[in-house]
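Dear colleague,

Please find below the structure for your files. A summary of the findings follows it.

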Amino acid sequence: MVYTSLVDLTDAQKEELVASLSCLIIGDNELTAEKLAGVASASGNSVSDAVAALFVGVVSKAPKGIESFTPPPGGGGGGGGGGGGAAASAAPVVEEKEEEEEEADLGGGMDMFGGGGGGGGDY
């Protein structure tokens with residue numbers, strides 16, 4: 001589901017969003033539930049003690065801390081890109097040119113505003 005506004009989020013979803021963004025702000029340096037709740041409070045939001053403890057526990061148990069959830073740019077993204085080894089033996093690809101379609105003459109002598117095509121208008 002795509003959300004276009006924070007107003008569309010439920011209270012639980014907002015709390016999770018605030019908690020995850022607070023974790024990113026604090027980073028791995030001394031991440032505690034109290035600091036997470038403090039960052040959330042400073043932003044004008046709130047996070048329950050249970051959610052704060054949950055997020056701190058997950059980040060602290062991750063192998064690389066918060067970096068486990070934020071890979072560096074170009075550092076992966078999974079799959080794709082494989083199978084390029086046989087390209088040298090394959091026949092060259094010939095690109096086909098697309099033919100341009102001609103505009104159909106509908107006649108009538110009207111412009112898009114419904115007037116005649118005579119050109120005696122204000123412009």
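Against which helices do the buried residues of H3 pack? The model is a predicted one, and in it the buried residues of H3 pack against helix H1 (11–26) and helix H2 (33–42).

Helix H3 covers residues 49–61. At 1.5 Å a residue, its 13 residues should span 18 Å, and the end C-alpha atoms are 18 Å apart, so the two values agree. Its buried residues are Val51, Ala52, Phe55, Val56 and Val59. These residues lie on the same side of H3, because they cover an arc of only 130° around the axis. The exposed residues Asp49, Ala50, Leu54, Ser60 and Lys61 are on the other side of H3.

Rolling a probe the size of a water molecule over the atoms shows where empty space is left. The largest pocket holds about 250 Å³ of space. It is lined by 14 residues, of which Lys14, Leu17, Val18, Ser43 and Asn45 are the closest to its centre. H1 supplies the largest share of this lining, with 8 residues. By class, the lining of the largest pocket has 7 nonpolar, 4 polar and 3 charged residues.

The second largest pocket has a volume of about 150 Å³. Among the residues that line it are Ser20, Cys23, Phe55 and Val59. H1 and H3 are the elements that each give two or more residues to this lining, and H3 gives the most, with 4 residues. The lining of the second largest pocket comprises 8 nonpolar residues, 1 polar residue and no charged residues.

Yours sincerely

How values were computed:
Residues are numbered from 1 along each chain as its sequence is written. This is a predicted model: local features need pLDDT of at least 70, side-chain atom pairs count only at pLDDT 80 or more; totals for chains, interfaces and linings use all residues. Side-chain values use heavy atoms; hydrogens and water are left out. The expected span of a helix is 1.5 Å times one less than its number of residues. Buried means under 20% relative accessible area, exposed over 50%, partly exposed in between (1.4 Å probe, protein chains only). The arc is that of the directions from the helix axis to the C-beta atoms. Contact means heavy atoms within 4.5 Å. On a 1 Å grid over the protein atoms alone, a cavity is a set of points where a 1.4 Å probe fits but cannot get out, and a pocket is an open set with protein on both sides within 12 Å along at least five of seven lines; lining residues have an atom within 4 Å of a point. Grid points are joined across faces, edges and corners, and a volume is the space filled by probe spheres set on the points. Ala, Val, Leu, Ile, Met, Phe, Trp, Tyr, Cys and Pro count as nonpolar, Asp, Glu, Lys and Arg as charged, and the others, Gly among them, as polar.
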